[in-house]
Amino acid sequence: MNTLKTLCCGLALSGLCPGALALNPIVQTSYSPDPAPMVHNGTLYVYAGDDIPGYDFYYMTKWRVFSTTDMVNWTNHGVPISLESFSWARDRGWAAQCVERDGKFYWYMCAQSDKNDMSIGVAVADNPAGPFKDALGKPLIQNGSWSNIDPTVLVDDDGEAYLYWGNGGLYGVKLNKDMISYSGKIDTVPLTVETFGGSRANRRQGVENKDMFIEGPWLYKRNNKYYMMFAGMGRGGETLSYSMSDSPTGPWKYQGKIMENQKTNSFTNHGGIVDYKGQSYLFYHTGLLPGGGSYGRASCVEAFTFNPDGTIPALSISKEGPKPIGTLNPYKRVEGETMAWSEKCSVTQNDKVGVYVNQVRKGGYIKVANVAFGDKTPAFFSASLAAGLDGGILEIRLDSIKGQKVAAIELSRTGGWDQFQLFKAPVEGKVTGTHDVFLTFMDKNISSGRELFNLDWWQFN
Ligand code: FUB
């Protein structure tokens with residue numbers, strides 16, 4: 001990624017956020033389908049795809065990473081890998097999952113390959129947010145089938161690792177310790193009414209299905225029980241359904257639907273389950289960002305509690321999402337791209353600056369939730385900003401876009417859109433306790449519909 005790239009075409013979000021509560025979808029600056037959560041070193045990461053605004057199919061070319069430590073503020077780590085990184089990939093980069101083993105991060109993805117099929121590849125990195133590179137220079141699974149999509153991987157407590165994937169059929173194989181090769185033959189998992197609620201093949205043969213394994217498997221373990229969540233068949237679109245087993249290789253027993261008949265505005269659903277700081281979370285996607293739909297899907301999350309017998313309750317989509325489980329420290333540098341909600345701005349990246357906020361427009365804002373100021377008012381607010389044109393005003397307000405104004409920075413041209421300079425402003429009034437902070441974007445005297453400035457990071461001192 002050596003040229004400045006715009007990562008989002010400016011989703012028009014006005015009207016989506018009914019107030020301070022909406023936190024789903026978790027990212028508003030781009031689409032983020034097929035969320036795959038992973039916890040590492042106290043941080044929850046989400047690996048997602050990148051539906052392209054205006055496209056009429058799943059022709060994605062990038063994957064993105066987001067992270068949180070409090071379940072409400074999400075840091076955008078940009079695009080650590082794209083289709084271009086895989087020499088064998090030709091088109092449509094689909095669902096992916098990243099897992100850690102022995103300090104390395106393995107990101108299993110799928111794409112249309114040079115053999116005109118769907119193939120599964122694996123990228124590797126030393127850090128959860130990359131940079132990643134193709135670990136093999138060729139697919140890990142390639143056999144001419146269009147069913148080779150949606151890889152999911154579990155490294156079990158005994159060190160054995162299992163890879164499953166599939167659309168229409170469910171396939172599995174044991175990975176070797178190197179995580180980039182496998183042993184033994186690829187298993188085809190039986191899809192019956194008892195194991196997965198049913199299958200397309202069943203339906204063709206006139207067998208009455210309770211459900212149907214379609215795609216999007218997610219392998220998860222809890223209390224020595226193995227769970228295979230998958231996209232099943234609901235009325236008008238995909239459900240999230242699941243089966244359970246006492247072993248990572250089955251036999252599986254169909255359990256039911258976790259999420260069905262929801263108004264997601266998307267035919268597909270795809271998700272992952274993760275435990276983080278003592279709470280279980282279900283990630284899924286909807287087409288509910290304005291302009292979204294079946295080809296414009298965005299990651300969402302709900303907190304849930306397993307039933308006492310280990311089964312999963314039925315869950316509904318929500319705008320509110322989970323409650324915060326931590327606060328944000330404003331006295332440490334906060335990346336501009338750490339957001340609970342945003343409007344009229346985007347996120348981009350380049351080699352010089354890394355990831356930063358761009359396409360800042362008048363009337364927009366970034367909300368950062370649950371910011372803990374403590375009992376002493378800070379003296380200064382500082383921010384790293386750049387403006388290729390005449391700049392604008394960054395106003396900091398508390399608890400709402402029109403709330404108490406605590407600082408303002410007015411900036412002019414800095415010499416370029418990536419010529420960042422440090423700006424400081426005194427803090428006005430009393431700023432103590434815990435608040436939602438709104439970084440609001442205003443133009444100066446001349447009414448400007450253009451981009452105002454770019455934001456790399458901010459901090460109170
Ligand atoms: O995002 C492209 C495809 O749509 C995924 O691979 C499927 O699981 C479905 O979500």
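The protein is divided into domain 1, spanning 21-304, and domain 2, spanning 334-460. The model is a predicted one. Taken over C-alpha atoms, the centres of domain 1 and domain 2 are separated by 35 Å. The contact takes 15 residues from domain 1 and 14 residues from domain 2.

**Interface between the domains**

- The size of an interface is often expressed as the accessible area lost when the parts come together.
- Between domain 1 and domain 2, the buried area is about 1,200 Å².
- Carbon and sulfur atoms give 49% of that buried area.
- On the side of domain 1, Gln28, Thr29 and Asn73 supply 42% of the area buried against domain 2, more than any other three residues.

- Six residue pairs are in polar contact between domain 1 and domain 2, with both residues of each pair at pLDDT 80 or more.
- The count of salt bridges between domain 1 and domain 2 is zero.
- By class, the side of domain 1 that touches domain 2 has seven nonpolar and eight polar residues, and no charged residues.

**Residues around the ligand**

- The shell consists of Asp34, Met60, Trp94, Ala95, Asp150, Glu215, Thr268, His270, His285 and Arg297.
- By class, the shell around the ligand divides into three nonpolar, three polar and four charged residues.

**Polar atom distances at the ligand**

- In the side chain of Asp34, an N or O atom is 2.4 Å from an oxygen atom of the ligand.
- For Asp150, an N or O atom of the side chain is 2.5 Å from an oxygen atom of the ligand.
- Ala95 takes part through its backbone, where an N or O atom lies 3.4 Å from an oxygen atom of the ligand.

Key. Residues are numbered from 1 along each chain as its sequence is written. This is a predicted model: local features need pLDDT of at least 70, side-chain atom pairs count only at pLDDT 80 or more; totals for chains, interfaces and linings use all residues. Side-chain values use heavy atoms; hydrogens and water are left out. A residue is near a molecule or strand if one of its heavy atoms lies within 4 Å of it. A polar contact is a pair of N or O atoms within 3.5 Å; within protein, one must be able to donate a hydrogen and the other to accept it, and residues adjacent in sequence count only if both atoms are side-chain atoms. Ala, Val, Leu, Ile, Met, Phe, Trp, Tyr, Cys and Pro count as nonpolar, Asp, Glu, Lys and Arg as charged, and the others, Gly among them, as polar. Domain bounds come from an automatic or database domain assignment. Contact means heavy atoms within 4.5 Å. Buried area is the accessible area (1.4 Å probe) that two parts lose on being put together, summed over both. A salt bridge is a side-chain nitrogen of Lys or Arg within 4 Å of a carboxyl oxygen of Asp or Glu.
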